[in-house]
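Keep the 3D view open and follow along section by section.

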Amino acid sequence: MMIRPAGRDDVRAIVEMLADDHLGKARERLEDPLPPSYFRAFDTVSSDRNIQLMVAQDNDGTVVGCLQLCILPGLSSQGASRGLIEDVRVASRCRSRGIGEQLVRWAVDEARGRGCVMVELLTHQTRTDAQRFYARLGFQASHVGMTLRF
């Protein structure tokens, strides 16, 4: 398996993974062709030097996982940056093969290498398997996350 930056050709595979659970089904649109909003978002993300959209590619070239790492500069913690890991997904047929762990470990190492003092992530309260996964990797439930949707 290889972890590499996502390309425009990977957008459909990423959206399919994002839509592959009870929460994603309600917010993603898997049409053919995909709505242009996904490609506009990809262009915005890929042009931002503080955001890395990465995919895990299987030996046969199939995209089997993804995540987004955002480097957030800030004033707190004496002007330190932090890494925010988002949208970690592994194709359902490929779970329990260590792909998610490799992706998250890559993101942690990348954030550390870019001078971050911590890495944060959010996971929905109903994703109890994901919570166990992150705890196994050393993440602690230290904050309460809140959202306001528009």
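## The sheet

Five strands make up an open sheet of mixed pairing, ordered E1-E2-E3-E4-E5; two strands pair if DSSP finds at least two bridges between them. At its edges are strand E1 (2-5) and strand E5 (116-121), each pairing on one side only. On average, neighbouring strands of this sheet are turned by 25° against each other, direction ignored. Strands (E, at least two residues) and helices (H or I, at least four) are DSSP runs, numbered from the N terminus.

Strand E3 (residues 63-72) and strand E4 (residues 81-90) run antiparallel and are joined by seven bridges. Look for Gly65, whose bridge partner in E4 is Val90. Helix H1 (residues 11-18) lies across strand E2 (51-57), E3 and E4, and runs at about 90° to E3.

## About the model

This is a predicted model, in which local features need pLDDT of at least 70 and side-chain atom pairs count only at pLDDT 80 or more, while totals for chains, interfaces and linings use all residues. Residues are numbered from 1 along each chain as its sequence is written, and side-chain values use heavy atoms, leaving out hydrogens and water.

The axes of helix H5 (residues 99-113) and helix H6 (residues 128-136) come within 11 Å and cross at roughly 55°. Axes are lines fitted to C-alpha atoms, for helices over the stretch in contact, with angles from 0 to 180 degrees between N-to-C directions.

H5 contributes Gly100, Glu101 and Val104 to the contact, and H6 contributes Phe133, Tyr134 and Arg136. Contact here means heavy atoms within 4.5 Å.

## A salt bridge between strands

The whole structure holds 14 salt bridges, each a side-chain nitrogen of Lys or Arg within 4 Å of a carboxyl oxygen of Asp or Glu. One of them pairs Glu120 with Arg82, with the closest N and O atoms 3.1 Å apart. Glu120 lies in strand E5 and Arg82 in strand E4, so this pair ties together parts that are 38 residues apart in sequence.

## Backbone details

Most residues other than glycine have a negative phi, and most peptide bonds are trans. Asp87, though not a glycine, has a positive phi of about 50°, and Asp87 sits in strand E4. A cis peptide bond with omega of about 5° joins Asp32 and Pro33. You will find Pro33 in the loop between helix H2 (24-27) and helix H3 (36-46).
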